[in-house]
Amino acid sequence: MEQRLVRGRWWGLVLACWAAVVLVGLPFAGQDRAGALDAALMGAARDSSRALPGVVVPLTYATHPLAILAMVLCVAAVALRLRRPRAALLVVAAPVVTAGVNTAVLKPLFDRTHNGYLAYPSGHTGTLVAVLTAVVVIAVSAAEHRGRTALRMGLAAAGLTAVAAAGIVGHDYHYPTDCLGAAFWAIGTVVTIAAALDRFPATVRPVGDARSGAPRSGNAAA
C-alpha cells in the first residue's frame, strides 16, 4: 500500500497560504507600480545585477519550461519506479493546476501589471514552487523522521526559490511581491492536490485476485 501524501491538519496550511495570497496581493490590486517594499528590493536587485554582470539571467534558469519539464519527468519516473503512482500524479498535476488557475483566475482577478503584463502572482515562480513543493511532500510522506525531513527539504526548496526569484526580479520580470504571492499560492494548491489524490486507491487489484473474493480464471469449481 502506498503511503499517504499528506497527514494531519493539512487544511490549516492551505487556508493560511491562500489567505496570504490575498493579503499580499490585495494592496496592489489594479496597480501598475511598485510599492515601497518592492521598490527597495528591486533597487537592491538592480545594484547587485550591475555589480555582478552576467549573473542575473542564469539565476532564472530553474523557472524555464524545459527545466520544469525535466524535473517533473525525472521525479515522476522515480515515483513510478518505486510504485508510487499517486506521487507521480502529484508532480505532474502540481505545476499544471497551479499555473493554469493562476493564469486564468488569479492574474485577471488581482489585475496587477508590470511592464504592461499581468503580474500577480508570478507564473514562473509559482510553477517552480509547485514542483518543489510536490517533491517535498513526496519525500516527507515516505520519510521515517517526517519533521526533520520537512525542515531540511523545505529550507532547500526555499533557498532555490529565493535564488530564482532574485533573478526574476533582477531581470525586471516581476515585482518581489509577485514572487512571494506565487509561492504561497503554489504551496496551498499542491497540498490540496495531494490531499485529493489520497482519496483515490493507490493500486487497482486485477480481476480474479484471490483477495477480492472472486475466483481466478481456470480455477472454477468442477
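Visitor: Is Ser122 buried or exposed, and what is its relative accessible area?
Guide: First, a word on the source: this is a predicted model, where local features need pLDDT of at least 70, side-chain atom pairs count only at pLDDT 80 or more, and totals for chains, interfaces and linings use all residues. Residues are numbered from 1 along each chain as its sequence is written, and side-chain values use heavy atoms, leaving out hydrogens and water. Buried means under 20% relative accessible area, exposed over 50%, and partly exposed in between, with a 1.4 Å probe and protein chains only. Ser122 is therefore buried, with a relative accessible area of 1%.

Visitor: Which residues is Ser122 in contact with, leaving aside neighbours within four places in sequence?
Guide: Contact means heavy atoms within 4.5 Å. Ser122 sits in the loop between E2 and H6. Helices (H or I, at least four residues) and strands (E, at least two) are DSSP runs, numbered from the N terminus. With those neighbours set aside, the contacts of Ser122 are Asn102, His174, Asp178, Cys179 and Ala182.

Visitor: How is the aromatic pair of Phe110 and Tyr120 arranged?
Guide: Ring centres of Phe, Tyr and Trp (its six-membered ring) must lie within 6.5 Å to pair; planes under 30 degrees apart count as stacked, over 60 as edge-to-face and the rest as tilted. The whole structure holds two aromatic pairs. For Phe110 and Tyr120, the centres are 4.8 Å apart and the planes stand at 75°, which makes the pair edge-to-face.

Visitor: Why does that pair tie parts together, and how many residues apart are they in sequence?
Guide: Phe110 counts as buried at 7% relative accessibility, and Tyr120 at 1%. Phe110 lies in helix H5 (residues 85-110), while Tyr120 is in the loop between strand E2 (117-118) and helix H6 (123-142), so the parts tied together are ten residues apart in sequence.

Visitor: What do the buried residues of H2 pack against?
Guide: The buried residues of H2 are Asp38, Met42, Gly43 and Ala45. They share a side of H2, because their arc around the axis is only 165° (taken from the directions from the helix axis to the C-beta atoms). On the other side, Ala36, Leu37, Ala40 and Ala51 are exposed. The buried set packs against strand E1 (113-114), helix H7 (146-170) and helix H8 (176-197).

Visitor: What is the phi of Asn115?
Guide: Asn115 is in the loop between E1 and E2. It counts as exposed, at 53% relative accessibility. Asn115 is a residue other than glycine, yet its phi is positive, near 55°.

Visitor: Where is pLDDT under 50?
Guide: pLDDT is the predictor's confidence in each residue, from 0 to 100. The protein averages 88, and 90% of the residues score at least 70. Where pLDDT is low, the predicted coordinates should not be read in detail. The stretch under 50 is residues 204-222.
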